[in-house]
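Subject: Handover of a protein structure

Dear colleague,

Please find the sequence and the structure below.

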Amino acid sequence: MRSGVKVKRGPIGAVALATVRNRATVRITNQGSLLCNTDFIVGQNDSSGSLNIQSTNPVLGFPGGLMVSGNLRLGVQGGQGRVNQDAGRLIIGNDILVGTSNSATLVGTGDYTLSDVGLVQANRMLIGATGDASGHLGVSGFAAVNLNQ
């Protein structure tokens with residue numbers, strides 16, 4: 001069974017922790033925005049998850065996006081995490097971890113595709129962050145990645 005969360009139009013209140021798994025997808029479109037007070041995890045425990053921050057109308061500006069106080073973690077504990085962003089802002093208080101591994105048997109994979117006019121701000125971005133984990137970052141168009149370290 002597929003499930004997901006869709007964030008559209010105006011801002012909603014902050015969530016304490018977000019975990020996207022079991023083939024679920026979080027979509028932030030148009031003027032939507034979401035605030036997460038700790039970590040935002042996409043793909044965990046041998047399951048997959050996706051986060052899409054995308055404009056449905058390229059003519060309109062997109063001031064929305066996602067703000068995470070902790071880390072954005074893609075592909076955790078054997079999971080597969082994917083982010084597709086073509087607009088809006090992704091602001092991370094700490095690090096973006098694209099693919100993490102806790103052991104030889106729990107190897108995660110992460111994929112981040114940033115295109116068009118998407119903007120990412122974070123302390124660091126670690127691709128294939130730990131152990132045997134694998135990760136991929138693709139950047140195209142006028143997209144930008146701003147890192148502190």
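The notes below describe what was found, topic by topic.

This is a predicted model, in which local features need pLDDT of at least 70, side-chain atom pairs count only at pLDDT 80 or more, and totals for chains, interfaces and linings use all residues. Residues are numbered from 1 along each chain as its sequence is written, and side-chain values use heavy atoms, with hydrogens and water left out.

Confidence

The term pLDDT stands for the predictor's confidence in each residue, on a scale from 0 to 100. The protein chain has an average pLDDT of 88, and 91% of the residues score at least 70. Over residues 6-10, however, pLDDT stays under 50. For that stretch the model has 16 contacts beyond four places in sequence, a contact being heavy atoms within 4.5 Å.

The nonpolar core

A nonpolar core is a set of buried Ala, Val, Leu, Ile, Met, Phe, Trp, Tyr and Cys residues joined through side-chain atoms within 4.5 Å. Here, buried means under 20% relative accessible area, exposed means over 50%, and partly exposed lies in between (1.4 Å probe, protein chains only). The largest such core in this model has 28 residues, and Phe40, Leu51, Leu66 and Leu72 have the most contacts inside it. Its largest share, 3 residues, comes from β3. Strands such as this one (E, at least two residues) and helices (H or I, at least four) are DSSP runs, numbered from the N terminus.

Where does Leu72 lie? Leu72 belongs to strand β8, and it counts as buried because its relative accessibility is 0%. Leaving out residues up to four places away in sequence, Leu72 touches Phe40, Val42, Val83, Leu90, Ile92, Asp95, Ile96, Leu97 and Tyr112. Leu72 and Val42 are 30 residues apart along the chain, yet their C-alpha atoms are separated by 7.8 Å. Leu66, with neighbours within four places set aside, is in contact with Ile28, Leu34, Phe40, Leu51, Ile53, Arg89, Leu90 and Ile91.

Salt bridges

Side chains of opposite charge can pair when their charged atoms come close. A salt bridge is counted when a side-chain nitrogen of Lys or Arg is within 4 Å of a carboxyl oxygen of Asp or Glu. How many salt bridges does a search of the whole structure find? The search finds 3.

One of them joins Asp39 and Arg73, whose closest N and O atoms are 3.7 Å apart. Asp39 lies in the loop between β4 (33-36) and β5 (40-44) and Arg73 in strand β8 (residues 72-76), so the pair ties together parts that are 34 residues apart in sequence. Asp39 is buried, with a relative accessible area of 18%.

Another is formed by the side chains of Asp111 and Arg82, at 2.1 Å from N to O. This pair links distant parts of the chain, with Asp111 in strand β12 (residues 109-114) and Arg82 in strand β9 (residues 80-85), 29 residues apart. Asp111 counts as buried at 16% relative accessibility, whereas Arg82 counts as partly exposed at 35%.

In the remaining pair, the side chains of Asp95 and Arg124 meet at 2.8 Å, N to O. Asp95 is in strand β11 (residues 95-98) and Arg124 in strand β14 (residues 124-127), so parts that are 29 residues apart in sequence are tied together. Asp95 is buried, with a relative accessible area of 10%, while Arg124 is partly exposed at 31%.

Backbone and surface

Most residues other than glycine have a negative phi. Asn22 is not a glycine, although its phi is positive, at about 60°. Asn22 is placed in the loop between β2 (18-20) and β3 (24-29). Asp116 also has a positive phi, near 55°, and is found in the loop between β12 and β13 (119-122).

On the surface, Ile127, Leu137 and Val139 form a nonpolar patch with about 220 Å² of accessible area together. Patches are made of residues with over 30% relative accessible area and no salt bridge; like charges are joined within 9 Å, and nonpolar side chains (Val, Leu, Ile, Met, Phe, Trp, Tyr) within 5 Å. Accessible areas come from the Shrake-Rupley method with a 1.4 Å probe, and for residues only the protein chains shown count as cover. Leu137 lies in strand β15 (residues 134-139) and is partly exposed, with a relative accessible area of 31%.

Yours sincerely,
A colleague
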